[in-house]
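Q: I have a structure open and would like to go through it piece by piece. Can you help me read it?

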Amino acid sequence: EWAKRFYDMLSLLKVTMATPTMSNARKVFHQLSSCFIDTVPDSLDGIYRSITNFSQVSKHGGGMGLYFGKVRAMGSDIRGFEGAAGGVIRWIKLANDTAVAVDQLGVRQGACAVYLDLWHKDMPEFLALRTNNGDDRMKAHDVFPAIAVPDYFYELAREDLDREWAMFCPHEVQRVMGFHLEDAFGDEWKEKYLACVAEPRLSRRVLSVKDVVRLIIKSAVETGTPFIFNRDPANAMNPNGHAGKIYSSNLCTEIMQNMAPIESISEEITTEDGDTVVVTKTRPGDFVVCNLASLVLGNLDLAEDGDLRDTVHAVVRALDNVIDLNLYPVPYAKITNKRYRAIGLGTSGYHHALVKAGIRFSDEEKHYAWADDVYERINYYAIEASSELAREKGKYELFSGSDWDTGAYFDKRHYNDEKWTRLKEKVHEDGLRNGYLLAVAPTGSTSIIAGTTAAVDPVMNRYFLEEKKGQITPRVAPELSPANFFLYENAHEVDPKIALRACGVRGRHIDQSQSVNLYITPDFTMRRILELYLLADELGIKSLYYVRNRSLEVESCESCEA
């Protein structure tokens, strides 16, 4: 029965599995997961272990997120020798070269996002990683920089751009202050950060908030990066906050799960069967891995609740099966995935489905109401499906004490009507099979297969040419016709604030995050771009993907051209 349901949902293109799942199933190296995230420790063996883990992930077809926020800054001490540390940029260049050297099974180039906290002392150099001017020895053009931004920085940006922003070395903070600043979030982080600012023994780099914003926006306009990870809302809404912290996201900014570095325990020389062997022992930490699939909203009958419910139940079971069928590239990934059994159910065909419903992307009232309804139902059915799986197969290991168990997950999202109250009680009683459920991936490749629009973005153009792996693919807005021609709005014609507000509406129903791009044109001033970042913070948006800039063109009437 389930095999038939899986076949129908995939063959009818109601669901697309992630590229690694489609590409690698049936192969000897059946690595089916898309996303991996590692926390890079502040030690030589730890850094090289993270690079080695990335090479294995890339070799088996996965994308990687690497959090470098624990690594000491340039000029810090090593074993008491001041000025000995080379800083994070030199290690990021290692990740860059690994991405080039080890591709994803020949299917895609190796890909890695590198994350750093905005208060880290190496931040100015980090923000220039991909720009085309400056010292090329400090560049890494093949990785994707991303910054972890605290709410306090946005607070200062709103109040006074001339205020000072101090950047510290995490190693020095731990040595002098006795705590790891990167381990705190929200009000606790702000309190500890201000204590660091007031501590004269701590060395620091100081820029005005305005200068930091300039560096961020300059890089965003020139290179499309850095990606933005808003660390405070991500942790405040983390359903498994009882078991860990979220330091960063993945390559595409939609995965947000507990992270912890791998720790070295010992290295022993021993004898086995008469041979001398070296045994290295490590504590696994939380090495994030996520298995993705996307509902193709444009190919689903969203008016018929049964179709959506049946499809969500089927794909949640399929993704849960991936966890057990998977060939993991490193053992740490297997341990973490068995512990949390995390999945990432997302959506593609968002703009396609909006147009089918007769709604323009810019029609704010109808658009937001539609998005709120659709994503609330998707979330409800996903939780319902995972709870039924838990009753059948058992709950995930860390369920007890989680927001799912206590009901805090539902309270934080104001799910308090009768239907949601019943589900809350069911989850508490039966448990949940998967510790994380929803995440909206970019679906750039799989949306082509499904003949729909990518992820939750507006369509780039009604018709355009797209380059993928060196090949040009003609793209046309799905089911384009004279009847819906003017319902489709090109991405750069839609006010990005509308896209952000829609993201905020959907975000209430998504326990992880969404790959959301900002589409701008050269008439956007630095102030207007800053306003977009501030709006995202106000709306509790956890992450932002690329800034997609487009040159202004002479406007012409497309209907006349056609």
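A: What follows is a chat about confidence, cores, charges and a few backbone details.

Q: What should I know before we start?
A: This is a predicted model, in which local features need pLDDT of at least 70 and side-chain atom pairs count only at pLDDT 80 or more, while totals for chains, interfaces and linings use all residues. Residues are numbered from 1 along each chain as its sequence is written, and side-chain values use heavy atoms, with hydrogens and water left out.

Q: What does the chain average in pLDDT?
A: The average is 94, and 97% of the residues score at least 70. pLDDT is the predictor's confidence in each residue, from 0 to 100.

Q: And where is the pLDDT below 50?
A: Over residues 552-562. Beyond near neighbours in sequence, that stretch has 13 contacts in the model; a contact means heavy atoms within 4.5 Å.

Q: OK, cores. How many residues has the largest nonpolar core?
A: The largest nonpolar core has 135 residues, and Trp165 and Tyr533 have the most contacts inside it. Its largest share, twelve residues, comes from helix α14 (residues 364-393). A second, separate core has 28 residues, among them Phe227 and Leu251.

Q: What counts as a core, and as a helix?
A: A nonpolar core is a set of buried Ala, Val, Leu, Ile, Met, Phe, Trp, Tyr and Cys residues joined through side-chain atoms within 4.5 Å. Buried means under 20% relative accessible area, exposed over 50%, and partly exposed in between (1.4 Å probe, protein chains only). Helices (H or I, at least four residues) and strands (E, at least two) are DSSP runs, numbered from the N terminus.

Q: Why would nonpolar side chains be buried together?
A: In soluble globular proteins, they tend to be.

Q: New topic: how many salt bridges does the structure hold?
A: It holds 42. A salt bridge is a side-chain nitrogen of Lys or Arg within 4 Å of a carboxyl oxygen of Asp or Glu.

Q: What about Lys190 and Glu155?
A: They form a salt bridge, with the closest N and O atoms 3.2 Å apart. Lys190 lies in helix α8 (residues 186-198) and Glu155 in helix α6 (residues 151-159), so the pair ties together parts that are 35 residues apart in sequence. Lys190 is partly exposed at 27% relative accessible area, and Glu155 is partly exposed at 29%.

Q: And Glu466 with Arg475, buried or exposed?
A: Both are buried. Their closest N and O atoms are 2.7 Å apart, in a salt bridge. As for shared partners, salt bridges join Asp320, Asp324, Lys338, Arg341 and Arg433 into one network.

Q: What does the Arg506 side chain make polar contacts with, then?
A: With the side chain of Tyr350 at 3.0 Å, and with the side chain of Gln514 at 2.7 Å. A polar contact is a pair of N or O atoms within 3.5 Å; within protein, one must be able to donate a hydrogen and the other to accept it, and residues adjacent in sequence count only if both atoms are side-chain atoms. Arg506 itself is in helix α19 (residues 496-507).

Q: Now Asp232. Where is it?
A: Asp232 is in helix α10 (residues 231-236) and is buried, at 8% relative accessible area. Its side chain reaches the backbone nitrogen of Gly186 at 2.9 Å.

Q: Last one, the backbone. Which residues does a cis peptide bond join?
A: Thr225 and Pro226, with omega about 20°. Pro226 is in the loop between α9 (209-223) and β8 (227-230).

Q: And what is phi of Thr253?
A: Near 65°, a positive value in a residue other than glycine. Thr253 is buried, with a relative accessible area of 0%.
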